[in-house]
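Dear colleague,

Here is the structure I said I would pass on. My notes on it follow below.

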Amino acid sequence: MRITMIGSGYVGLVSGACFSDFGHQVTCVDKDAGKIEALRAGRMPIYEPGLDDLVATNAAAGRLRFATELAPAVADADAIFIAVGTPSRRGDGHADLSYVFAATEEIAAALTRPSVVVTKSTVPVGTGDEVERILREKRPDTAAPVVSNPEFLREGAAIGDFKRPDRIVVGTDDPHARAVMQDVYRPLYLGESPILFTGRRTSELIKYAANAFLATKITFINEIADLCEAVGADVQEVSRGIGLDNRIGRKFLHAGPGYGGSCFPKDTLALLKTAEDFGSPIQIVEAVVKVNDSRKRAMGRKVLAALGAGAEGGEPRGKTVALLGLTFKPNTDDMRDAPSLAIAQALADAGVEVRAYDPEGMDAARAMMPVLTCCRDAYEAATGADATVIVTEWDAFRALDFARLKEVAAAPVLVDLRNIYRREAVEAAGFTYVAVGR
Ligand code: NAD
């Protein structure tokens, strides 16, 4: 199959590289000339484990190409995937579909035949109808079918998720489009990944329902963590105790600083807007969004309170905090809506100096958080710190040298917002230990 991917970000690049690895001929297009130039030179514009090798192998085999010009890549494609961003629209929380519609207009201008147009971007219910309307209006001659095919990969584990998905969702009623999508994904479902064909609107909603459910699960355990702190229980044991029940499941039951990232915050908001537009509110997700927002600020207060636990105690102003991990989760360089942003801002607002280290996120963080003092490793960050805070659970922070940390820090206070340590071990090393829900 000849596949064109419009947008070569986290989703477009990973999907394109994986499709080419299955043997399809893929062109990844992006407007960002710097990104395409880097990719052609073998440099990855994002950090994703294993992506550089996958791209190098398939580019060398001639199956994966990169382009800034959309028209030639669209002309001979069997399937054209739209994988551009759908961020929150400033002010109202609706998904900003301007990139999707701009890409659609460009595709319409370049179509030479009824190629299947696929929205892989996360788009609200009814977007496929609008994409189809634009194509019909601009190119009544081509009758290109429009399919919804949401993507469920997780950053940090994207290649594995794409190649071994729990399911593939394809929304279309068009028999030709269905046959093309079956060919596109055949290498996967021979490996027994179920392919679920639905109507287009159902497929669009499945993606939002999935993300809202996962965000709810995280928020639920975060509130249980607060209750654990109040009553003297241990949230990790509660998680295990409920998660071993197959009806509940163990995943997404880790208490922490609140969900962030490029998907959950914007997708929960966009789902609420759809619900509002159609007069069918989802109050549980309304509560999730509210609770998660206040949680990020509460984590800033938690760190400020921990500063009082140091030898000096007293006012936070003039103190120093080290943040270990800034990206919204490990194994990505993505800083979009990361809890670290709210935490660093709360600390800076209280007059605290914020030192920070992240294995992959420093470049993005520097641009987004001018308040930070950027450091080269955990120990440089902790130098002179009155509290050291684990914000993101990178492997590099899972076996810290506590003796060294104690030597460089101003006070032995560890705030573990991801619960990666055992209290006894940290306290035995002479630290005051503050965790979440324990
Ligand atoms: P991204 O911002 O990393 O990448 C989008 C890319 O599209 C950018 O490189 C941009 O330059 C390019 N682009 C925009 N308009 C273009 C045009 N007209 N022609 C060519 N290129 C264009 O975004 P992302 O994180 O890959 O997300 C893409 C979509 O996938 C979003 O809807 C998102 O919600 C969804 N999604 C993301 C993830 C994730 O983990 N990041 C997971 C599942 C779904």
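Domain bounds here come from an automatic or database domain assignment. For this protein the assignment gives domain 1 (2-198) and domain 2 (204-438), and their C-alpha centres lie 32 Å apart.

The model is predicted: local features need pLDDT of at least 70, side-chain atom pairs count only at pLDDT 80 or more, and totals for chains, interfaces and linings use all residues. Residues are numbered from 1 along each chain as its sequence is written, and side-chain values use heavy atoms, with hydrogens and water left out.

Between the domains, 31 residues of domain 1 are in contact (heavy atoms within 4.5 Å) with 24 residues of domain 2. About 2100 Å² is buried there, 56% of it from carbon and sulfur atoms; buried area is the accessible area (1.4 Å probe) that two parts lose on being put together, summed over both. On the domain 1 side, Y47, V125 and E155 lose the most area to domain 2, together 29% of what that side buries.

Now the ligand. Its shell holds 24 residues, of which D30, K35, T86, E155 and K266 come nearest; a residue counts as near if one of its heavy atoms lies within 4 Å. Each of domain 1 (2-198) and domain 2 (204-438) gives at least three residues to the shell.

Polar side-chain atoms of K35 and of K266 each lie 2.6 Å from an oxygen atom of the ligand. Taken alone the ligand exposes 830 Å², and the protein buries 90% of that (Shrake-Rupley method, 1.4 Å probe).

Regards

Terms used. A polar contact is a pair of N or O atoms within 3.5 Å; within protein, one must be able to donate a hydrogen and the other to accept it, and residues adjacent in sequence count only if both atoms are side-chain atoms.
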